[in-house]
Each structure stands twice: as structure tokens, then as C-alpha cells.
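Student: Can you walk me through this one? Keep it quick, please.

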Amino acid sequence: MLTGYGGKKLCEICNNCSDLYLFYLFILPYALQSEPIRVLVTGAAGQIAYSLLLSIAKGDVFGKEQPVVLLLLDITPMLPVLEGVVMELQDCALSLLREIIPTDKEEVAFKDLDVAILVGSMPRKEGMERKDLLKANVAIFKSQGTALEKFAKKTVKVLVVGNPANTNCLITAKSAPSIPKENFSCLTRLDHNRARSQVAMRCGVPATNVKNVIIWGNHSSTQYPDVHHCTVNMSGSELACFDAVKDDAWLKGDFISTVQQRGAAVIKARKLSSAMSAAKAICDHMRDIWAGTPEGEFTSMGIYSTGNSYGVPEDLIYSFPVQNKDKSWKIVDGLAINAFSRSKMDATAIELIEERDMAVAFLAV
């Protein structure tokens, strides 16, 4: 029996003790939770979203006490599949999932958003030229950028996943001019995780023992996985990556090409593109934005290049080493760049400039 003031039985103070008990046990904790945030996932009937949505809905990304409203956007022919995804989310009986809104309408999907995770894009088909892929995606991401401009909160955090992710992100940002460019990023965390894992396997340690790898540039085969500032914890001692691996030729050769070509290798093996690892990387990326990066560590994000200290051309979405705090990113400045790294960084920038110029030309049509 519950007791009240002076050790008296609660029922001697209040005749509604059972109601009061239920209030403290069930209603008060619910009332103290944060307001739900509105999170959009596009391409929501696809395989990446299928691996992603449960993690978001059960609190692995935005916190274990943060309720969410999920807005799920896909094209009209995919709505029956999307309905099945909704049923599965409902059947998970998740305490943080307040509402699920499946739709094929941008004005519904983008309304009052706190977070937009833009997964859906036009995939490259057999025989399709790169310029044709860019043209198709410019139309998609121009439309979604316009929808963000019209309907979303100006504080919305936008993550572009659909490829070519860097240029799609730039087009989205240019199509939403009243939303700060700092609110837009593209996913290079998958490449970052791949690089970290390759070093860890080479050293025979868990991936969590490998810190501060960098992905510079484009989410493509020109990206530059850089381990010159990476450390590896070996038996309790922090070693520079080159000292831990003890194979400079591998780090400057097969390591780089393995990370650059990993997506293609997955497709060759699975006959499908990366989904589980991409979803995990999306979660890592958004969690770092929301909760911040650990002290002394940095990660990789494709962000707006204007004003950077590394000589990367302006007006690109380019992957840099960043630290996150208070839902904002800051480029890690002052890292030494040797001639080997500079040549790799410049090569991926050249590709991004070509993509940007082609996409902006399509944007103006």
C-alpha cells in the first residue's frame, strides 16, 4: 500500500489513491516526454528505408525519450508496398512512434519537418549516360528542395542519401534558399565506416578502436579515404594508423581502392546495392548531428564547401572532417595535408565541379 505524508496510508489522505498511482506510473512520464519531432524518409518503400525505419522509430537515432512522427514518401505505384511497411511499424508496438503518415504528396510529406532524410532517387539504369542520370535527379531534388522551402521548418536538418548524393544535395539546397546551407548534408558516413572497418580488420581490433579516418570529396569512386590523421588503439596504446598497420603500400593503394569500390563490390556479390550498411550509416550521421560527436573525435560529412580552410573550391557539397555540437557541424581545421593527399583531394573536387556545372545547367532549364 502506498503511504503519504507522516506515514499515513494514501487512502487516508485521498480517496482516489488508485487514480493517483496510475497518474504517476503512466500519465506523468508520458507528459514529461518531449514534443514529437517530424521525420521524413523518402523512398520509404525501398530497401534502405526498410532497414532504417525501425531504428528511427525505436529511439536509436534521436534518443530514447524523443517521440517521433514518421512521414513516409514514395511514388504512387509504391503506395501498396508502403502500406505493408506501415503495418509492420504498427505491429512493432513502439512507445516513441506517435504517428505514421504514408503519402505520395510532397505538400503532405514536407509539412513542418524537423528532419528530412532524402533516400529516394533515380538509380542509374543499364545504358544510361551520367548526364541523363544527373538530369533525372535534378528534377527530383529541385522539386523536393522547393517543397522544403514551402512547407518545412527553416530549422529542418536535411540529409541527402540518394545518388549522386553530393550534387543532389547541392541542388536541393539551391532550391530552398531561405533554409541555411549549413542545414544540408549528404551521406559519406558509409564510406567513413567502410574505411574504419578496413583498418580495424587489418589490425585485428574492433572498429571502435579506429578513430578519425576522413573521407574527402565525392561519394563516388574518386573519393579520398585519408588515414594520415587516424589513430588505432592497440592493446591500450594509441598509435598512428601508419604505425599500427605497418604497410604503407597497402594504405596508399589497395585500402583506398577497396573503400572507393566497396559499393560496386556489394552490388556484384548481392545483386543489390548496400542497404543494411547504408541504413546504419544514416543512423550514425543523424545521431551525431543530434547528440554531437565524442570529444576529440571527428567524422565525415558532405557539407557546403564555401569558406573552408583546405583550398576546396567554393559552392560544392564536399566531404570534410567535421565535429558536431548543438545540432551544428564545424570543419576540423588545421590538419596537415601532404602532397599525396592534396592530389587526391583535388581530383575528387574536379569531378564535383563537373557534376555541379552540369546539374546547374539542367536546373536553369
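Tutor: One term to begin with: buried means under 20% relative accessible area, exposed over 50%, and partly exposed in between, with a 1.4 Å probe and protein chains only. Helices (H or I, at least four residues) and strands (E, at least two) are DSSP runs, numbered from the N terminus. This is a predicted model, where local features need pLDDT of at least 70, side-chain atom pairs count only at pLDDT 80 or more, and totals for chains, interfaces and linings use all residues. Residues are numbered from 1 along each chain as its sequence is written, and side-chain values use heavy atoms, with hydrogens and water left out.

Student: Ok, why is strand β1 largely enclosed by the rest of the structure?

Tutor: Because five of its six residues, in the run 37-42, are buried.

Student: Which way do β1 and β2 run, and how many bridges join them?

Tutor: They run parallel, with six bridges between β1 and β2 (residues 68-73). Strands pair if DSSP finds at least two bridges between them. I37 sits opposite V68 of β2.

Student: And how many bridges link β1 to β4?

Tutor: Three, and again β1 and β4 (residues 115-118) run parallel. V41 has I117 as its bridge partner in β4.

Student: What unit do β1, α3 and β2 make?

Tutor: A right-handed β-α-β unit, with helix α3 covering residues 47-57. Right-handed here means that, with the strands pointing away from the viewer, the path from the first strand over the helix to the second runs clockwise.

Student: New topic. Where does UniProt place the "binding site" feature?

Tutor: The unreviewed entry puts it at R124, R130, N163 and R194. Positions follow the numbering used here, feature names are shortened, and annotations may be inferred rather than shown by experiment.

Student: Where is R124, and what is it in contact with?

Tutor: R124 lies in the loop between β4 and α6 (130-151). Contact means heavy atoms within 4.5 Å. Leaving aside neighbours within four places in sequence, R124 touches E129, R130 and L133.

Student: Last one. What about N324, buried or exposed?

Tutor: N324 has 5% relative accessibility, so it counts as buried. It belongs to strand β13 (residues 317-325). Apart from neighbours within four places in sequence, N324 has contacts including D288, G292 and W329.
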